[in-house]
Each structure stands twice: as structure tokens, then as C-alpha cells.
Amino acid sequence: MKYILIGCLFTLVGVIGGTFIWGVEMVPTITGGIGVFFLGVACLLSGVFVNGDRLRANLATESDDDRVQRNTRSLQSFLIGLPSIVVALLFYFN
């Protein structure tokens, strides 16, 4: 819940900043950029972009605690970016 609230704070800053500096038409771009950034960080942390051999090697050499910590950080990053993606879609389709 804490990370969704952090994401809402980033989204609020993006909406307010975008509205007052560039206009309402830039809000989907700004909030979408924030959301895509955190979604990209989540993908990098989860290991989505590596091939099977590299993934197998990483899983064999890391401990269970490291794996849990990596997955937790990935989920937290995703939850921070989720409100920005939702708001960007709402502004885009309205």
C-alpha cells in the first residue's frame, strides 16, 4: 500500500507539473513516462530481459534471500509505476 501511495505522489506531481508548465495535453506523456520508467526498472530487476542460459546461471548462484529481495524490489517498483500508467490511460482516452 505504501508503494502505491508513493506512485500516486509521483503521479500527482506529474499531473500538476504537466498541467501548469506544458498544458493538459502533455499529462498523458509525462505520467506515462513516469510509469514506463518504473515498469522498466521492475522488468530489469526481475530478470525479464535475459536469456534462458543467463537466467539459469543467475538462479543457480544467488541465494534464496537474494531472490526474494530482488522479486520484492521488482514488485515495489511495479506498484510505484502502476498509478502513473492508469492516470496516463485515463487522460489519453478522455
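**Note on salt bridges and aromatic pairs in the predicted model**

1. Arg-67 and Asp-64 stand three residues apart in helix 4, which means that about one helical turn separates them. In this model, which is a predicted one, their side chains meet in a salt bridge with an N to O distance of 3.0 Å. The two partners may be read against their accessibility: Asp-64 is exposed, at 54% relative accessibility, whereas Arg-67 is partly exposed, with a relative accessible area of 23%.

2. Arg-67 also forms a salt bridge with Glu-62, and here the closest N and O atoms are 3.3 Å apart. Glu-62 has a relative accessible area of 18% and is therefore classed as buried, the cut-off for that class being under 20%. The value for Arg-67, 23%, places this residue among the partly exposed ones. Beyond these individual contacts, Glu-62, Asp-64, Arg-67 and Arg-70 are linked in a network of salt bridges.

3. How many salt bridges does a search of the whole structure find? The search finds four, and one of them joins Arg-56 to Asp-53, with the closest N and O atoms 2.7 Å apart. Both residues of this pair belong to helix 3, which spans residues 52-61, and they are three residues apart, about one turn of the helix. Arg-56 is exposed, with a relative accessible area of 56%, and Asp-53 likewise counts as exposed, at 52%; the value for Asp-53 should be read with the cut-off for the exposed class in mind, which is over 50%.

4. Turning to the aromatic side chains, the structure holds three aromatic pairs. In the pair of Phe-10 and Phe-38, the ring centres are 5.3 Å apart and the planes meet at 35 degrees, so the arrangement is tilted. Phe-10 is part of helix 1 (residues 2-21) and Phe-38 is part of helix 2 (residues 27-46), so this pair ties together parts that are 28 residues apart in sequence. Phe-38 counts as buried, at 15% relative accessibility, while Phe-10, at 37%, counts as partly exposed.

5. The rings of Tyr-92 and Phe-93 form a pair with centres 5.1 Å apart and planes at 80 degrees, so it is described as edge-to-face, the cut-off for this class being over 60 degrees. Tyr-92 and Phe-93 are both exposed. As for the phenylalanines discussed above, ring pairs link Phe-10 and Phe-38, together with Phe-37, into a cluster.

6. A further point concerns Leu-82, which is placed in helix 4, a helix that covers residues 64-93. Is Leu-82 buried, partly exposed or exposed? With a relative accessible area of 33%, Leu-82 is partly exposed. Leu-82 and Leu-39 are 43 residues apart in sequence, and the separation in space between their C-alpha atoms is 7.9 Å.

Definitions and conventions. Residues are numbered from 1 along each chain as its sequence is written. This is a predicted model: local features need pLDDT of at least 70, side-chain atom pairs count only at pLDDT 80 or more; totals for chains, interfaces and linings use all residues. Side-chain values use heavy atoms; hydrogens and water are left out. Helices (H or I, at least four residues) and strands (E, at least two) are DSSP runs, numbered from the N terminus. Buried means under 20% relative accessible area, exposed over 50%, partly exposed in between (1.4 Å probe, protein chains only). Rings of Phe, Tyr and Trp (its six-membered ring) pair if their centres lie within 6.5 Å; planes under 30 degrees apart count as stacked, over 60 as edge-to-face and the rest as tilted.
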